[in-house]
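Please look over the sequence and the fold below before reading on. The paragraphs that follow go from the whole chain to its core, its helices, its charged pairs and its backbone.

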Amino acid sequence: MSGTQQMSTVMFYENSAWKKHKSCGTSSLLAMTPKKPQQWLQVVGHAGSFRVGDYGTLLKRFCEEEQQCYLRLMEDALRPFVPAYHGVVQQDEQDYNMMDNLLTHFNTPACIMDCKMGSRTYREEELLLARERPQPRNDMYEKMVAVDPEAPTVQEQAQQAVLKTRYMQWRESLSSTTTLGFRIEGFRKANEECHTNFKRTKSREQVMEALNNFVESNTHIACGYLRRLKQLRQVLEASDFFRTHEVVGSSLLFVHDWTGRTGVWMIDFGKTVALPPHLTVDHRTPWVEGNREDGYLWGLDNLIDILGNMLPQT
């Protein structure tokens with residue numbers, strides 16, 4: 001699988017019988033039963049990309065770019081903030097990257113949220129490829145008009161198709177990716193509610209409302225997340241891996257349970273690539289084509305600020 005085929009690892013466990021939840025919709029939901037008496041459900045991402053492994057592991061369809069990132073991350077200061085990586089395994093003639101299942105130590109039902117980090121979700125190479133070999137997509141045109149029938153240009157309307165990069169840039173312009181440097185992809189609460197409709201969640205106030213909904217106004221949970229994010233930011237600013245990589249399409253996985261336990265980890269590195277040897281990025285400078293900046297720390301700064309403003313001010 002190429003690095004451009006990014007997949008999200010938002011999932012959760014259930015001890016009850018296999019079932020689909022109508023509130024989540026069928027297009028973003030997947031359930032499967034592993035050998036152990038539990039199952040997982042995928043809230044967002046490509047169905048069929050994951051399997052539950054034995055002994056608290058998760059299998060994600062193989063991506064070489066992601067494998068290389070995990071190998072580097074296992075030797076980096078960021079190791080405590082990513083799933084531990086255990087190499088490649090094969091099942092049913094399909095290769096998978098095997099990593100720790102981050103939900104193993106949480107009580108069920110756990111609450112899960114995926115936040116896509118950065119000011120863009122496409123690599124610079126994708127823009128170049130789209131210019132050199134444009135491939136208009138009918139499926140992305142349909143997604144666009146479903147949200148806003150007036151969004152396509154006259155030419156796109158005639159073709160009934162849009163370029164992938166054009167669709168991604170348009171989608172980002174609707175969301176907080178462009179205004180805050182991150183966006184909520186989806187979350188699932190303990191009462192089995194799934195929320196995935198954040199395409200137009202753009203303002204600071206809208207994001208705060210969504211986050212408050214996720215933590216259900218629990219200041220203890222919000223404090224736990226805030227503390228972990230501040231620790232992550234400190235390590236990111238000292239990380240050799242982070243300084244020398246363009247981190248695009250990566251997410252932060254938030255997890256908490258009824259005991260108040262919280263955790264945040266970096267996930268999804270299929271679009272993360274090493275920078276040329278002469279180049280480093282600070283992850284806060286605004287992106288212009290060629291500088292490879294991704295806005296990751298800008299987004300994290302804003303996320304930390306919003307969470308902090310959700311807490312009682314002393």
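Contact here means heavy atoms within 4.5 Å. Among contacts in the chain between residues at least 6 apart in sequence, 70% join residues at least 24 apart. The model is a predicted one, in which local features need pLDDT of at least 70 and side-chain atom pairs count only at pLDDT 80 or more, while totals for chains, interfaces and linings use all residues. Residues are numbered from 1 along each chain as its sequence is written, and side-chain values use heavy atoms, with hydrogens and water left out.

The chain holds 10 helices and 14 strands, where helices (H or I, at least four residues) and strands (E, at least two) are DSSP runs numbered from the N terminus. Of its 314 residues, 53% count as buried; buried means under 20% relative accessible area, exposed means over 50%, and partly exposed lies in between, with a 1.4 Å probe and protein chains only. The chain exposes about 14,600 Å², of which carbon and sulfur atoms supply 49%, the areas coming from the Shrake-Rupley method with a 1.4 Å probe and, for residues, with only the protein chains shown counting as cover.

In soluble globular proteins, nonpolar side chains tend to be buried together. A nonpolar core is taken here as a set of buried Ala, Val, Leu, Ile, Met, Phe, Trp, Tyr and Cys residues joined through side-chain atoms within 4.5 Å. The largest such core has 50 residues, and Leu252 and Phe254 are those with the most contacts inside it. Leaving aside neighbours within four places in sequence, Phe254 is in contact with Cys111, Ile112, Met113, Cys115, Phe214, Tyr225, Leu229, Gly263, Val264 and Leu303. A second, separate core of 11 residues includes Met140, Val162, Tyr167 and Trp170.

Tyr167 and Trp170 also belong to the buried residues of helix α5 (residues 164-174), which are Thr165, Tyr167, Met168, Trp170, Glu172 and Leu174. What covers these buried residues includes α2 (124-132), α3 (138-147), α6 (176-180) and β9 (182-188). The axes of α2 and α5 come within 9 Å and cross at roughly 135°, the axes being lines fitted to C-alpha atoms, for helices over the stretch in contact, with angles running from 0 to 180 degrees between N-to-C directions. That makes α2 oblique to α5, because angles under 35 degrees count as roughly parallel, over 145 as roughly antiparallel, 65 to 115 as roughly perpendicular and the rest as oblique. Glu126, Leu127 and Ala130 of α2 make the contact with Lys164, Thr165, Met168 and Gln169 of α5.

Side chains of opposite charge can pair when their charged atoms come close. A search of the whole structure finds 20 salt bridges, each being a side-chain nitrogen of Lys or Arg within 4 Å of a carboxyl oxygen of Asp or Glu. In one of them, the side chains of Lys60 and Asp268 meet at 2.8 Å, N to O. This pair links distant parts of the chain, 208 residues apart, with Lys60 in strand β5 (residues 57-61) and Asp268 in the loop between β13 (262-267) and β14 (273-274). Lys60 counts as buried because its relative accessibility is 1%, and Asp268 counts as buried at 1%.

Where do Asp240 and Arg243 lie? Both are in helix α9 (residues 240-243), 3 residues apart, about one turn of the helix, and their salt bridge has its closest N and O atoms 2.5 Å apart. Asp240 is partly exposed at 45% relative accessibility, and Arg243 is partly exposed with a relative accessible area of 35%. Elsewhere, salt bridges that share partners join Arg120, Glu125, Glu246 and Arg292 into one network.

Most residues other than glycine have a negative phi, and most peptide bonds are trans. A cis peptide bond, however, joins Thr108 and Pro109, with omega about -5°, and Pro109 is found in the loop between β7 (94-100) and β8 (111-117). Asp92, in the loop between β6 (85-91) and β7, has a positive phi, near 50°, and counts as exposed at 63% relative accessibility. Glu192 likewise has a positive phi, near 80°; Glu192 lies in the loop between β9 and β10 (194-195) and, at 24% relative accessibility, counts as partly exposed.
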